[in-house]
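User: Got a chain here that I'd like to go through. Can you bring it up?
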Amino acid sequence: VLAYGPVWGSFIILAAVFSASSVGYFIGRYLGPVIVEKLIGHKNEKKISDFIDDYGFWAVIVTRLNPFLSNDAISFVAGILKMGYWKFIGATLVG
């Protein structure tokens, strides 16, 4: 935003978040739990899986808003759990 201004900077950030989240989602969806477990570990995968199962759409929004939680991990696990892609992306962009 500082380099490109509020309009172009926001657009670039939105496109980058959309792209990175989509890649993480499809890694989880098509490469499955084995690859994701190697990337984030079984313990973290289990915690995030339970969180998404309990809260779904809102879990993604809360994770995107909180700078201390892993954005990549939530994308991987949402893909593994086969959360609807548009629901996931909608929550990502809202967050």
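Analyst: One definition to begin with: helices, of at least four residues, and strands, of at least two, are DSSP runs, numbered from the N terminus. The model is predicted.

User: Fine. How many helices and strands in the protein chain?
Analyst: There are 5 helices and 0 strands. Along the sequence, the pattern reads α-α-α-α-α.

User: What does UniProt list for residues 3-95?
Analyst: An unreviewed UniProt entry lists them as "domain: VTT". That span is 85% helix and 0% strand, and its end C-alpha atoms lie 23 Å apart.

User: What about overall dimensions, what box do the C-alpha atoms fill?
Analyst: Roughly 40 × 25 × 25 Å, taken along the principal axes.

User: And what is the radius of gyration, against a compact globule?
Analyst: The protein chain has 14 Å; a compact globule with 95 residues would be near 12 Å, so the value agrees.

User: Switching to packing. At what angle do α2 and α4 cross?
Analyst: Roughly 65 degrees, with the axes coming within 9 Å. Here α2 covers residues 42-55 and α4 covers residues 71-80. The angle makes α2 roughly perpendicular to α4, because 65 to 115 degrees counts as such.

User: Left-handed or right-handed crossing?
Analyst: α2 passes α4 in a right-handed crossing.

User: Which residues meet there?
Analyst: From α2, E45, I48, S49 and I52; from α4, A73, I74, V77, A78 and I80.

User: How do the residues of that contact divide, nonpolar, polar and charged?
Analyst: The contact of α2 with α4 has 7 nonpolar, 1 polar and 1 charged.

Notes: Residues are numbered from 1 along each chain as its sequence is written. This is a predicted model: local features need pLDDT of at least 70, side-chain atom pairs count only at pLDDT 80 or more; totals for chains, interfaces and linings use all residues. Side-chain values use heavy atoms; hydrogens and water are left out. Axes are lines fitted to C-alpha atoms, for helices over the stretch in contact, and angles run from 0 to 180 degrees between N-to-C directions. Angles under 35 degrees count as roughly parallel, over 145 as roughly antiparallel, 65 to 115 as roughly perpendicular and the rest as oblique. A crossing is left-handed if the near helix is turned anticlockwise from the far one by less than a right angle, and right-handed if clockwise. Contact means heavy atoms within 4.5 Å. Ala, Val, Leu, Ile, Met, Phe, Trp, Tyr, Cys and Pro count as nonpolar, Asp, Glu, Lys and Arg as charged, and the others, Gly among them, as polar. UniProt positions are given in the numbering used here, feature names are shortened, and annotations may be inferred rather than shown by experiment. The radius of gyration is taken over C-alpha atoms; the globule rule is 2.2 Å times the number of residues to the power 0.38.
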